[in-house]
Amino acid sequence: MSAALEALDVTRTYQMEGVAVSALRGVSLQIEQGEFAAILGPSGSGKSTLMHLLGCLDRPTTGVLRVGGREVAELSDSELAELRNNTIGFVFQSFHLLARTSARENVGLPLVYQGVPRAERRRRATEALAAVGLSHRLDHRPSQLSGGEQQRVAIARALVGDPQVVLADEPTGNLDTRTGNEVMELLERLNAERGVAVILVTHEPEVADRARRQIHIRDGLIERDSGAGT
Ligand SMILES: Nc1ncnc2c1ncn2[C@@H]1O[C@H](COP(=O)(O)OP(=O)(O)O)[C@@H](O)[C@H]1O
Ligand SMILES: [Mg+2]
């Protein structure tokens with residue numbers, strides 16, 4: 001079976017007012033099915049850039065990126081979006097939920113883009129919210145939920161498309177220690193029970209230590225990688 005995600009000497013250079021900013025300078029990385037890995041590194045080292053590339057939200061400047069064995073450079077934008085929808089779920093530090101929208105509709109939103117009919121969206125969103133322990137909060141809006149609950153809604157939204165990989169960029173960064181711990185336990189359970197690969201970015205050593213693999217990034221390069229653990 002091919003790796004879930006594979007980067008070969010990937011770079012990403014941003015153009016800013018005519019100046020080139022090298023955010024990634026040649027990263028090679030393989031993420032296997034079912035892995036649980038943490039990405040660590042100082043602010044500005046390229047962690048979010050790498051997450052965006054691995055999650056197909058962006059394309060590398062040079063190098064090869066494969067998702068589920070398919071090379072992203074060979075896909076059109078719509079094919080890439082489809083691959084992303086079917087393979088990857090995203091969780092962000094600041095939750096990124098729609099404010100005027102219920103938990104269930106937020107969770108069902110990725111399915112709108114996949115053309116899933118309304119009744120089935122509701123059913124699958126309800127199921128995903130149950131999986132994160134929020135069956136009693138289906139009709140609540142984000143402002144009516146605690147931070148930890150909002151992040152659980154975001155995790156349910158990441159899961160609703162039944163992805164092979166969940167990418168979480170500082171998922172506990174806006175949460176207190178106890179709530180962050182609950183979010184980590186949830187990600188660990190999803191990894192153990194569903195075999196979803198989890199890649200998370202964190203600044204917190206206690207969070208990183210709970211992953212089976214630690215990847216350290218500095219100045220756009222992998223500085224140290226404890227290697228794929230299973
Ligand atoms: N859209 C962008 N345009 C220009 N520069 C960017 C952009 N996104 C990130 N950068 C720059 O790329 C580098 C890496 O950023 P980022 O991947 O966000 O780092 P991290 O997530 O590790 O803090 C930083 O120097 C940042 O300023
Ligand atoms: Mg970042």
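In what order do the six strands of the open sheet with mixed pairing stand? The order is β6-β7-β8-β3-β9-β10, and a further open sheet, of four strands, has the order β2-β1-β4-β5 with antiparallel pairing. This is a predicted model, in which local features need pLDDT of at least 70 and side-chain atom pairs count only at pLDDT 80 or more, while totals for chains, interfaces and linings use all residues. Residues are numbered from 1 along each chain as its sequence is written, chains are lettered from A and ligands numbered from 1 in the order in which they are written, and side-chain values use heavy atoms, with hydrogens and water left out. Helices (H or I, at least four residues) and strands (E, at least two) are DSSP runs numbered from the N terminus, and two strands pair if DSSP finds at least two bridges between them.

**The six-stranded sheet**

- The edge strands of the sheet with mixed pairing are β6 and β10 (221-225), each of which pairs on one side only.
- Neighbouring strands of this sheet are turned by 20 degrees against each other on average, direction ignored; axes are lines fitted to C-alpha atoms, for helices over the stretch in contact, and angles run from 0 to 180 degrees between N-to-C directions.
- Strand β3 (residues 36-40) runs parallel to strand β8 (residues 197-201) and is joined to it by four bridges, with I39 opposite V201 in β8.
- Helix α5 packs on the sheet, where it touches β6 and β7 (contact means heavy atoms within 4.5 Å), and its direction makes about 165 degrees with that of β6.
- Helix α6 lies across β3 and β8 and runs at about 150 degrees to β8.

- At the edges stand β2 (19-31) and β5 (70-71), each pairing on one side only.
- Strand β1 (residues 5-16) is joined to β2 by ten bridges in the antiparallel sense, and the bridge partner of Y14 in β2 is V21.
- Helix α1 (residues 47-54) packs on this sheet and touches β1, β2 and β4 (62-67), its direction making about 60 degrees with that of β2.
- β1 also pairs with β4, antiparallel and over five bridges, and here L8 stands opposite V64 in β4.
- β4 and β5 run antiparallel and are joined by two bridges, with R66 opposite E71 in β5; the two strands form a hairpin with two residues between them, and G68 in the turn has a positive phi of about 55 degrees.

**The α5-α6 pair**

- The axes of α5 (residues 147-159) and α6 (residues 177-194) come within 9 Å and cross at roughly 20 degrees.
- That makes α5 roughly parallel to α6, a term that covers angles under 35 degrees.
- In α5, the residues G148, Q151, R152, I155 and L159 meet T179, V183, L186, L187, L190 and R194 in α6.
- The residues of this contact divide into six nonpolar, three polar and two charged, where Ala, Val, Leu, Ile, Met, Phe, Trp, Tyr, Cys and Pro count as nonpolar, Asp, Glu, Lys and Arg as charged, and the others, Gly among them, as polar.

- Most residues other than glycine have a negative phi.
- F95, in the loop between β6 (88-92) and α3 (103-113), has a positive phi of about 70 degrees although it is not a glycine.
- F95 is buried, with a relative accessible area of 10%; buried means under 20%, exposed over 50%, and partly exposed in between, with a 1.4 Å probe and protein chains only.
- D162, in the loop between α5 and β7 (165-169), has a positive phi of about 55 degrees and is likewise not a glycine, but D162 is exposed, with a relative accessible area of 56%.

Terms used. Angles under 35 degrees count as roughly parallel, over 145 as roughly antiparallel, 65 to 115 as roughly perpendicular and the rest as oblique.
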